[in-house]
Amino acid sequence: LASSGRIVDSSKASGRASEFQIGTGKVIDGWDIGVMQMDEGEEAVLSVSADLAYGTRGRPPSIPPNADLDFTIELLAVNESMVAAAIRARQESAALEQEEEMIRAARAEMAEATEQRDEGTGRAQEHGKKSKMGNKKKSHKSKKRRSRDESSSSDSSRSRKKRKKKEKSAKKKKRDSDR
């Protein structure tokens with residue numbers, strides 16, 4: 001612990017080195033950042049703030065909440081396949097973050113479009129009421145026009161019938177007179 005200098009854990013004391021993947025979220029962020037900057041064989045003290053260590057939760061019982069930590073680290077070896085895996089994991093993580101951001105942006109656009117559509121629908125409904133009223137007037141006028149058209153067509157039909165009747169009667173008279 002940085003505040004008291006108390007040793008919480010030591011792989012050196014236990015006689016075995018710790019092996020872990022960097023950049024994959026398997027260790028605290030402070031280690032991911034610090035160890036990535038080290039060279040093989042290098043020894044360093046990493047001073048890690050609480051936000052890059054265990055944060056507000058801590059790691060009970062040995063590490064209290066909001067504890068800054070100091071680590072003495074010796075980088076014994078770098079496994080190239082692990083480095084490649086870490087790089088790939090970082091790239092995948094970045095791609096996922098980018099995809100999530102795109103999804104959030106798309107959702108925000110959809111929400112905005114829906115809101116605009118709903119606002120537009122409200123206006124359209126109001127306009128629709130006016131249109132329906134206007135259409136009623138039009139349809140009333142249309143009915144008048146239709147009945148006029150129908151009556152004129154029926155007039156013309158009547159006229160045709162009268163003409164045909166007159167023509168028939170004239171033909172009949174002519175036949176009768178010819179006899």
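User: Which residue forms a salt bridge with Arg 117?

Analyst: Happy to start there. A salt bridge here is a side-chain nitrogen of Lys or Arg within 4 Å of a carboxyl oxygen of Asp or Glu. The closest N and O atoms are 3.1 Å apart, and the partner of Arg 117 is Asp 118.

User: Before going on, what kind of model is this?

Analyst: Residues are numbered from 1 along each chain as its sequence is written, and side-chain values use heavy atoms, with hydrogens and water left out. Local features need pLDDT of at least 70, side-chain atom pairs count only at pLDDT 80 or more, and totals for chains, interfaces and linings use all residues, as the model is predicted.

User: Is Arg 117 buried or exposed?

Analyst: Buried means under 20% relative accessible area, exposed over 50%, and partly exposed in between (1.4 Å probe, protein chains only). Asp 118 has 43% and is partly exposed. Arg 117 has 52% relative accessibility, so Arg 117 counts as exposed.

User: Which helix holds both Glu 101 and Arg 104?

Analyst: These two form a salt bridge, with the closest N and O atoms 3.0 Å apart. They sit 3 residues apart, about one turn, in helix α3 (residues 80–178). Helices are DSSP runs (H or I, at least four residues), as are strands (E, at least two), numbered from the N terminus.

User: Leaving aside neighbours within four places in sequence, which residues is Val 35 in contact with?

Analyst: Contact means heavy atoms within 4.5 Å. With those neighbours set aside, the list for Val 35 is Phe 20, Ile 22, Leu 46, Ile 73 and Leu 75.
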